[in-house]
Amino acid sequence: MADVETAKLLIKIGGIISLIVGVLGGLVLLITIIGIILAIPAFILAWWIYKRSNEVVELVEMGEYKEAKNKLIIPMVLSLLFFSTVSGILMLVGLILLPSEPSTHSKLEKS
């Protein structure tokens with residue numbers, strides 16, 4: 001289960017980096033008049049990506065890997081496009097490390 005723990009860590013770090021870069025980018029945009037209009041959506045998008053990555057980590061802890069993968073695809077792509085390539089790649093690697101379905105050991109623990 002080391003891959004799952006690593007995946008959770010990478011997803012958390014990717015969400016935090018996305019939040020930091022989004023907020024810093026939004027603050028830089030606040031310098032210009034037109035940037036004020038663009039800064040608010042940047043703040044909201046960065047916060048949404050961060051919250052969604054936390055939701056995904058909770059799903060992984062519950063063993064729902066398939067749903068976690070589905071929930072993280074859109075935030076990962078948005079992070080790749082708008083904020084930080086590093087955060088998007090970290091989330092992508094975290095998605096790749098997640099197993100397709102829970103192992104039989106974790107299924108037995110739930111029973």
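Modeller: A helix here is a DSSP run of H or I that is at least four residues long, and helices are numbered from the N terminus. With that in hand, note that this is a predicted model.

First, the setting. The protein chain has five helices and zero strands. Along the sequence the pattern reads α-α-α-α-α. Of its 111 residues, 33% count as buried.

Helix α1 covers residues 2–29. Lys8 is found in α1. Its relative accessible area is 12%. Buried means under 20%, so Lys8 is buried. What is Lys8 in contact with, leaving aside its neighbours within four places in sequence? The partners are Val57, Val60 and Glu61.

Ile16 is also found in α1. Its relative accessible area is 38%.

A nonpolar surface patch of about 570 Å² is made by Ile16, Ile20, Val23, Leu24, Leu27, Leu30 and Ile36. Which helix gives the most to the nonpolar patch? It is α1, with five residues.

Then the inside. In soluble globular proteins, nonpolar side chains tend to be buried together. The largest nonpolar core of this model has 19 residues. Those that touch the most other members are Ile11, Val56, Val60, Ala68, Leu72 and Leu98. Helix α1 is one of the elements that give two or more residues to this core. The others are α2 (33–62), α3 (65–83) and α4 (85–97). Here α2 gives the most, with seven residues.

Take Val56 as an example. Set aside its neighbours within four places in sequence, and Val56 is in contact with Ile11, Ala68, Lys71 and Leu72. Ile11, Ala68 and Leu72 are also among the core residues that touch the most other members. Val60, another residue of that group, is a contact of Lys8. That brings us back to α1, where Lys8 sits.

Last, two totals for the protein chain. Of the contacts with a separation of 6 or more, 68% come from residues 24 or more positions apart. The accessible surface comes to about 6700 Å², and 72% of that belongs to carbon and sulfur atoms.

Key:
Residues are numbered from 1 along each chain as its sequence is written. This is a predicted model: local features need pLDDT of at least 70, side-chain atom pairs count only at pLDDT 80 or more; totals for chains, interfaces and linings use all residues. Side-chain values use heavy atoms; hydrogens and water are left out. A nonpolar core is a set of buried Ala, Val, Leu, Ile, Met, Phe, Trp, Tyr and Cys residues joined through side-chain atoms within 4.5 Å. Buried means under 20% relative accessible area, exposed over 50%, partly exposed in between (1.4 Å probe, protein chains only). Contact means heavy atoms within 4.5 Å. Patches are made of residues with over 30% relative accessible area and no salt bridge: like charges are joined within 9 Å, nonpolar side chains (Val, Leu, Ile, Met, Phe, Trp, Tyr) within 5 Å. Accessible areas come from the Shrake-Rupley method with a 1.4 Å probe; for residues, only the protein chains shown count as cover. A salt bridge is a side-chain nitrogen of Lys or Arg within 4 Å of a carboxyl oxygen of Asp or Glu.
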